[in-house]
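User: I am new to this structure and would like to learn how to read it. Could you take me through its features in turn?

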Amino acid sequence: MSLDILLSRLDGVRHTGQGQWIAKCPAHADRKASLAIRELDDGRILLHDFAGCATADVLAAVDLTFSDLFPERGLDAHHHPVRRPFNARDVLRCLAYEVLVVLQIANLLLRGGALTESDHARLLLAARRFQSAEGIANE
Ligand SMILES: [Zn+2]
């Protein structure tokens, strides 16, 4: 992520150690660097403004959100979902089977078969899976 993006949007950034930086807080008129930034080994990013700004306000000032502080995988250490965690190619692989389901039902109808309740429910499930995929696939 986002550590590079975060650092590029802050002023007065100084690297102070392994995985540690300080910078001017973007959420108040900071004359000295009062914002501490820490990248943990698991990829999470911690922010603390020693002048007292809330982390949400610091993030908003640089146009980021809490999800930008977590590494790009399904769940963070606190089991919160991460935005768009999945590789678009993997999403397409997962949806390939859904296309076959839709095709099979279409073939059934083409041969004059009747759509059963369970076929219809399965089509709705496929549609929901396609719709949800757009929200979880990353670039
Ligand atoms: Zn501040």
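User: What does the accessible surface of the protein come to, and what percentage of it belongs to carbon and sulfur atoms?

Analyst: Bear in mind that this is a predicted model. The accessible surface is about 9300 Å², and carbon and sulfur atoms account for 55% of it. Of the 139 residues, 29% are buried.

User: How many helices and strands does the protein have, and in what order do the elements run?

Analyst: There are four helices and four strands. Reading from the N terminus, the order is α-β-β-β-β-α-α-α.

User: Which way do β2 and β3 run, and how many bridges join them?

Analyst: β2 and β3 are antiparallel, with four bridges between them.

User: How many bridges join β3 to β4, and how many residues lie between them in the hairpin?

Analyst: Five bridges join these antiparallel strands. Ala36 stands opposite His48 in β4. The hairpin of β3 and β4 has five residues between its strands, and Gly43 in the turn has a positive phi of about 95°.

User: Which residues coordinate the zinc ion?

Analyst: The donors are Cys25 through SG, His28 through ND1, Asp49 through OD and Cys53 through SG, at 1.9 to 2.2 Å. Along the sequence their spacing is C-x2-H-x20-D-x3-C. Within this set, Cys25 and Asp49 link distant parts of the chain, 24 residues apart. Cys25 lies in the loop between β2 (20-24) and β3 (35-39), while Asp49 belongs to strand β4 (residues 45-49). Both Cys25 and Asp49 are buried.

User: What is the geometry of the zinc site?

Analyst: Start with the general idea: four tetrahedral donors at a metal have ideal angles of 109.5 degrees. Here the angles among the four donor atoms are 93 to 127°. Four donors count as tetrahedral if all angles lie between 85 and 135 degrees, so the site of the zinc ion is tetrahedral.

User: Where is Thr16, and why does Thr16 count as partly exposed?

Analyst: Thr16 sits in strand β1 (residues 11-17). Thr16 has 44% relative accessibility, so it counts as partly exposed.

User: Which residues does Thr16 touch, not counting those up to four places away in sequence?

Analyst: With those neighbours left out, Thr16 touches Trp21 and Ile22. As for Arg38, Thr16 is 22 residues from it in sequence and 9.9 Å from it in space, C-alpha to C-alpha.

Methods
Residues are numbered from 1 along each chain as its sequence is written. This is a predicted model: local features need pLDDT of at least 70, side-chain atom pairs count only at pLDDT 80 or more; totals for chains, interfaces and linings use all residues. Side-chain values use heavy atoms; hydrogens and water are left out. Donors are N, O and S atoms within 2.8 Å of the metal (3.2 Å for Na, K and Ca); water is not among the atoms, so sites may look incomplete. Four donors count as tetrahedral if all angles lie between 85 and 135 degrees; four count as square planar and six as octahedral if opposite donors are over 155 degrees apart and all others between 65 and 115; anything else is irregular. Helices (H or I, at least four residues) and strands (E, at least two) are DSSP runs, numbered from the N terminus. Buried means under 20% relative accessible area, exposed over 50%, partly exposed in between (1.4 Å probe, protein chains only). Two strands pair if DSSP finds at least two bridges between them. Contact means heavy atoms within 4.5 Å. Accessible areas come from the Shrake-Rupley method with a 1.4 Å probe; for residues, only the protein chains shown count as cover.
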